[in-house]
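Student: Pick one part of this model and walk me through it closely, please. I'd like to see how it sits in the rest of the chain.

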Amino acid sequence: MQTRAFLAGIIAYATGAAAQTTLRVPAEYATIQAAIDVAVAGATVLVAPGLYTGRAAREIRFRGKAITVRSEAGPASTTLDNGRSGTVFIFDGAEPPEAMLEGFTITGATRSGVHITGAGASPTIRNCVIDDCWNGLFGGGVAIDSGAGATLIDCVIDRNLAGQGGAVNLQKGARATLEGCTLSNNRVDITGGGALMAGEGCTVELINCLVIGNQAIGFAGSSAGVRIARDSVGTLINCVVTENIASGVAAGVSFTN
């Protein structure tokens, strides 16, 4: 009887830990991924201020869970630096809009700061700074593809570099809404869309956004701000597009094909 009671106590403790509504990093869990792995729907992974590097800032996945990953003190105090070794966040598990990433600076990535891919993936990213990230092809800051979607609210996407879509790139039927975001000082050097590129049947809406200081240089030469192309649909509502520089045409916004 004592053995059974002891085992029941262990099971109850483990179940209670997994069902926590708030999981704290690093006080209770060493990394964000470790906390996500035990979180249940509706839980919040709360991250203390600090600089997180190495494995703690590499290929973090939500695992399809409707959870919130939030910093305690906002992006100015909480940085995830990938150290030029890949992607920081990957959403590839059909995450719903209730999957929320909030309040981080994401930097140092070499395969997009955030990659959202696959039909059904549609997370929400709020109050994040995504800067100094790189992708040799698509989406230096944020890459959305293969039928995935995303909502970005009050984010700053700054100083990123890609072949196309310096700040944000959508392709292969992707969709996105950006509201209250700033896309600034991003650059492309292959096909265009210094701030944002939407191609291959995508849908994108920008609301109350600022697109400023982006560049399309060299071979790209056009669409330093926003480029909507290849059967895609784009809507800009109450946006400011200014001070973007292209070595060719359409420094501000272009709709083609």
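Tutor: Let's start on the surface, where L137, I190 and F219 form a nonpolar patch with about 330 Å² of accessible area together. A patch here takes residues with over 30% relative accessible area and no salt bridge; nonpolar side chains (Val, Leu, Ile, Met, Phe, Trp, Tyr) are joined within 5 Å, and like charges within 9 Å. A salt bridge would be a side-chain nitrogen of Lys or Arg within 4 Å of a carboxyl oxygen of Asp or Glu. Areas come from Shrake-Rupley with a 1.4 Å probe, and for residues only the protein chains shown count as cover.

Keep in mind that this is a predicted model: local features need pLDDT of at least 70, side-chain atom pairs count only at pLDDT 80 or more, and totals for chains, interfaces and linings use all residues. Numbering runs from 1 along each chain as its sequence is written, and side-chain values use heavy atoms, leaving out hydrogens and water.

Now zoom in on F219, in the loop between β25 (215-216) and β26 (226-228). Strands are DSSP E runs of at least two residues and helices are H or I runs of at least four, numbered from the N terminus. F219 is exposed, at 70% relative accessible area, where exposed means over 50%, buried under 20% and partly exposed in between (1.4 Å probe, protein chains only).

S223 is in the loop between β25 and β26 too, yet S223 is buried, at 2%. Its contacts (heavy atoms within 4.5 Å) include G192, G193, G194 and A216, leaving aside residues up to four places away in sequence.

Another buried serine is S112, at 1%, in the loop between β9 (105-107) and β10 (114-117). The S112 side chain makes a polar contact with the N135 side chain at 3.0 Å. That term means N or O atoms within 3.5 Å; within protein, one must be able to donate a hydrogen and the other to accept it, and residues adjacent in sequence count only if both atoms are side-chain atoms. The backbone oxygen of F138 lies 3.4 Å from a polar atom of the S112 side chain. Beyond residues up to four places away, S112 also touches W134, G139 and A143, among others.

Stepping back, 51% of the 257 residues count as buried. Of the contacts between residues at least 6 apart in sequence, 80% join residues at least 24 apart.
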